[in-house]
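Please consult the sequence and the coordinates alongside the text.

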Amino acid sequence: MPLLEIKNLSVHFGTPERPVVAVEKLDLAIDAGEVVGIVGESGSGKSVTSLALMGLIDAPGRVSADACSFDGRDLLAMKKRERRKLLGRDIAMIFQDPVTSLNPCFTVGDHLTETLAVHEGGSRKALRARALELLRQVEIPDPERRLAAYPHQLSGGMSQRVMIALAIACNPRLLIADEPTTALDVTVQAQVLELLLRLQRERGMALMLITHDLGVIAETAHRVMVMYAGQVMETGTADDLFTHPQHPYTEALLSALPENNVGRERLQTIPGMVPGAFDRPAGCLLAPRCQYAQARCQSERPALRGNPPCQVRCHFPLHADGIKE
Amino acid sequence: MIAFLLRRLGVLIPTFIGITLLVFALIRLIPGDPVEAMSGERGMEASRHAELLKEFGLDRPLPVQYADYVYKAVKGDLGRSIVTQEPVMREFLDRFPATFELALCAIIFAVVIGIPAGILAAFKRNSVIDYGVMSVSLAGYSMPIFWWALLLILFFSVQLGWTPVSGRIAIEYDPQVVTGMMLVDTLLEGDFEAFRSALSHLILPTIALGTIPLATLARMTRSAMLEVLGEDYVRAARARGLSPLRVVGRHALRNALIPVITVIGLQVGTLLAGAILTETIFSWPGIGKWMVEAIHRRDYPVVQGGILMTATIVILVNLIVDVCYGIVNPRIRH
Amino acid sequence: MTNSSDNTAVADPGTLSPLNPLNPITPPSPLAELWRDFRRNRGALLGLALVLVFVFLAVFANWVAPYSPIEQYREAILVPPAWAEGGRMQFLLGTDPVGRDMLSRLIYGTRLSLLIGLVSIGLSMSLGIVLGLTAAYRGGKTDIAIMRCMDVLMALPSLLLAVAVIAILGPGLINAMYAIAIVQLPSFVRLTRAAALGELSRDYVTASRIAGAGPLRLMFIAVLPNCLAPLIVQATLGFSTAILDAAALGFLGLGAQPPTPEWGTMLSSALEFIQSAWWVVSLPGIAILLAVLAFNLMGDGLRDALDPKLKR
């Protein structure tokens, strides 16, 4: 049984009469200790998926799913209180912008001890010792002094390390990292990513790594899910997906990577934009931007076909031999 | 923090100098003859005029007069009232505790009701409670308080007979003046009957004076809370499994209160100004009533002194607010 | 989200969902957009409607009011409103202690209150714009001098400052207008300066400067129109403060003098009848409250509609 299992998750915003689709019929399963990458452009529904999982979608947003279970327990049927107990303890999350994700009125130590106190309790002294230990684990130099520091005194990379320390404070079994390196300087990105993966390996956590950077995923993830406009376009093992992309969108993303464009005069790009709230095409969502689009793609929306872990949502997959009808 | 305070002081000192200039100029800007205005005598003989000119020191060059005025003011000498011949400073100090007591009660009233109302409205956004709080506070914000005070008197004093119409305490009580604040002085004497009398005299003026600050605070707290509730760190706090009470009461409130403290400080000015109206209506023997009477009597030294002292208090309160702002906001403290 | 740019990526528009507009939409004019956002706010609409009623009453007071505001009907002293016991149909809202028709006095009072607001805000705003633009454009010592003067004015509570000005100028309606204009000046100066400083750093101002625009042209033609939104909001909200302060001055006997039918003055001269004739005290108060409320509602609505941060 997978650690996390989501079936048919949909998230809508807007009014019930005029709903705006953010995530549409998404299935996702993550095993214990597994690293799953979720890739897509801005607005593809990656972040919304993780927020829905955490129960952080507020009205007017609406979440519906056939199943959403963690460790065999149904998250949707749970009382709010019980679900909160899971958050921060068994499921933790780190966000894109670490600087604004820390409360400017509280010190690093306040943040850590509060989380530890809420979930595990203990004397002030013990909590402080644990907090110090956590800062050491995320490789923050001079942790005693940092404990008393306020967020505005930290750099972006340091803040993200604090966020990671907060996330791993209660030994979570699933860590959701939503674009953990996007807001950081390029030189710091690799360090933070390395830290995340080391902690994942050491602790055997499952890691859900959300990013728009395929390069990050290629080196780290066991499995990959490609999202576009709220839909899953393709899933597969990292190896398969990067060597034999089935979906034209995955292929386009890969060919837009700078390292695949060495020697070319212009970086390959994907023309057009992700469809907006009120202009979702009737057929395949990618059709207006797809170089292989045919008449059927304009009129009929393809279903997700194939057997996990390899699935693709396309009428005309590129390496069709991999898919069993 | 110290640098921050020094910077604030650097702005406040020129402001204070500006106010002394303004107050100094006041008597010289009055159309007509300052001697006649200050002595209260009309159509006097030339010799008497020259005598008074000398007495008020108006025969000297303006810069000398100004330096003299500031020098005396800093020493606490604000001249004498034309009407009573009492030193202005003494009259001010006699009346200030009454205004201070009223303003303090009013701000407590406003904070105790306004801030929770604002938090509640923000927390229950777009609910009946939210609309209710916002409508009432808009009405309070738009209320002519002199009329509101009359309505309060009409209803609670005249119709129901619950509270006295005016004054600070019933005539039969005469507590010894220690602090000048009736509530404190009666308690110091241990006379609970007198304390009750003083309290009942305070209720209506407090409500009248506190209404506008209350409405302002409720509106400000709500908007500050709403802004903070949309911040990333609130979402991150929720993602760590903290309860809504903890998220709102600890993480959001702490940040939302930073701008609210500034608003409370700014309201002190409104309170002192509002005291002019409230004190006039309730015959409250404070500085507001004193100054209005002085204007009607053309008692210019009193008007000058009153303005100078009120402005000084407002400036000092602003400085205290800055310090509080620095204490609650770590970005300034460090 | 601009639909027109999304459409460029569409290969065959014929098969698209009906929600997708086929023709690129031209963006609505700023005024139409403002009205659209303003209309959504029910409170703001109510405020606007009230303001329009007050403006109508003020402009057409001569025709709307049944009597002259100062004519005294000696046989009808303190007549209660028509619906109350002892009321007469000819005096709908009753009469005051010297037999003047309350309704007529209130209607003429509207004219006075709006006039006070218009004159004092007009004065205050035009002077404030000039000072604010000068401070922003000249910077340096000019800026510091202007802003320090404004700090001095801000250090005095608004009503106290008005009272101080009256102490110099003497009581009266015109002087009350000057006093209120001075009280409101700092907010306009600061607002204009802040907005202008923000605009001055923009590229279009630099472009205009390079194109050889003189300081006057630069500030009034290029910069000022882009600072207007907060100024309009401040003017509307300032209008309500002006009405309130004028009434307070009138009430203290420092503003309009009797028998001028100014609301605050009416209230204070009827104080002794508070117990015997409720209408002479209540009605002017309600008039003040409604007028202030109307401008506050409208101002709040305008601010929400003009503030791009709150949109969506």
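How many residues of chain A are in contact with chain B, and how many of chain B with chain A? In this predicted model, 29 residues of chain A touch 22 residues of chain B. The area buried between chain A and chain B is about 2,400 Å², and carbon and sulfur atoms account for 57% of that area.

Polar interactions are also found at this interface. Chain A and chain B share 3 salt bridges, and 10 residue pairs across the interface are in polar contact, both residues being at pLDDT 80 or more. On the side of chain A that touches chain B, the elements giving two or more residues are helix 1 (46-54), helix 3 (108-119) and helix 6 (156-168) of chain A. Helix 3 of chain A gives the most, with 6 residues. By residue type, this side of chain A consists of 14 nonpolar, 10 polar and 5 charged residues.

One salt bridge joins the side chains of Glu114(A) and Arg250(B), with an N to O distance of 3.0 Å. Another is formed by Arg238(B) and Asp58(A), whose closest N and O atoms lie 2.8 Å apart. This second pair crosses between chains: Arg238(B) belongs to helix 10 (residues 232-239) of chain B, whereas Asp58(A) is located in the loop between helix 1 and strand 4 (62-64) of chain A. Are these two partners buried, partly exposed or exposed? Arg238(B) has a relative accessibility of 25% and therefore counts as partly exposed. Asp58(A) has a relative accessibility of 40%, so this residue also counts as partly exposed.

Attention now turns to chain B itself. Chain B contains 14 helices and 0 strands, and the C-alpha trace of chain B spans about 85 × 55 × 40 Å along its principal axes. Of the 334 residues in chain B, 50% are buried. The accessible surface of chain B amounts to about 15,400 Å², with 65% belonging to carbon and sulfur atoms. Among contacts in chain B with a separation of 6 or more, 71% involve residues 24 or more positions apart.

A specific link within chain B illustrates a connection between distant parts of the chain. Glu101(B) and Arg168(B) meet through their side chains in a salt bridge of 2.7 Å, N to O. Glu101(B) is in helix 5 (residues 88-123) of chain B, and Arg168(B) is in the loop between helix 7 (145-159) and helix 8 (182-189) of chain B, the two being 67 residues apart. Glu101(B) and Arg168(B) are both buried.

For contacts in chain C between residues at least 6 apart in sequence, 66% join residues at least 24 apart. Within chain C, Arg105(C) forms a salt bridge with Asp96(C), the closest N and O atoms being 3.6 Å apart. Both Arg105(C) and Asp96(C) are buried.

What does the interface between chain B and chain C bury? The area buried there is about 3,400 Å², and carbon and sulfur atoms give 83% of it. In terms of contacts, 41 residues of chain B meet 36 residues of chain C. The count of salt bridges between these chains is 1; Asp300(C) and Arg219(B) meet in a salt bridge at 3.1 Å, N to O. A further count gives 5 residue pairs in polar contact between chain B and chain C, both residues at pLDDT 80 or more.

Several helices of chain B each supply at least two residues of the side that touches chain C, among them helix 1 (2-29), helix 9 (192-229) and helix 11 (244-282). The largest share of this side, 8 residues, comes from helix 1 of chain B. This side of chain B divides into 32 nonpolar, 7 polar and 2 charged residues.

Key: Residues are numbered from 1 along each chain as its sequence is written. Chains are lettered from A and ligands numbered from 1 in the order in which they are written. This is a predicted model: local features need pLDDT of at least 70, side-chain atom pairs count only at pLDDT 80 or more; totals for chains, interfaces and linings use all residues. Side-chain values use heavy atoms; hydrogens and water are left out. Contact means heavy atoms within 4.5 Å. Buried area is the accessible area (1.4 Å probe) that two parts lose on being put together, summed over both. A salt bridge is a side-chain nitrogen of Lys or Arg within 4 Å of a carboxyl oxygen of Asp or Glu. A polar contact is a pair of N or O atoms within 3.5 Å; within protein, one must be able to donate a hydrogen and the other to accept it, and residues adjacent in sequence count only if both atoms are side-chain atoms. Helices (H or I, at least four residues) and strands (E, at least two) are DSSP runs, numbered from the N terminus. Ala, Val, Leu, Ile, Met, Phe, Trp, Tyr, Cys and Pro count as nonpolar, Asp, Glu, Lys and Arg as charged, and the others, Gly among them, as polar. Buried means under 20% relative accessible area, exposed over 50%, partly exposed in between (1.4 Å probe, protein chains only). Accessible areas come from the Shrake-Rupley method with a 1.4 Å probe; for residues, only the protein chains shown count as cover.
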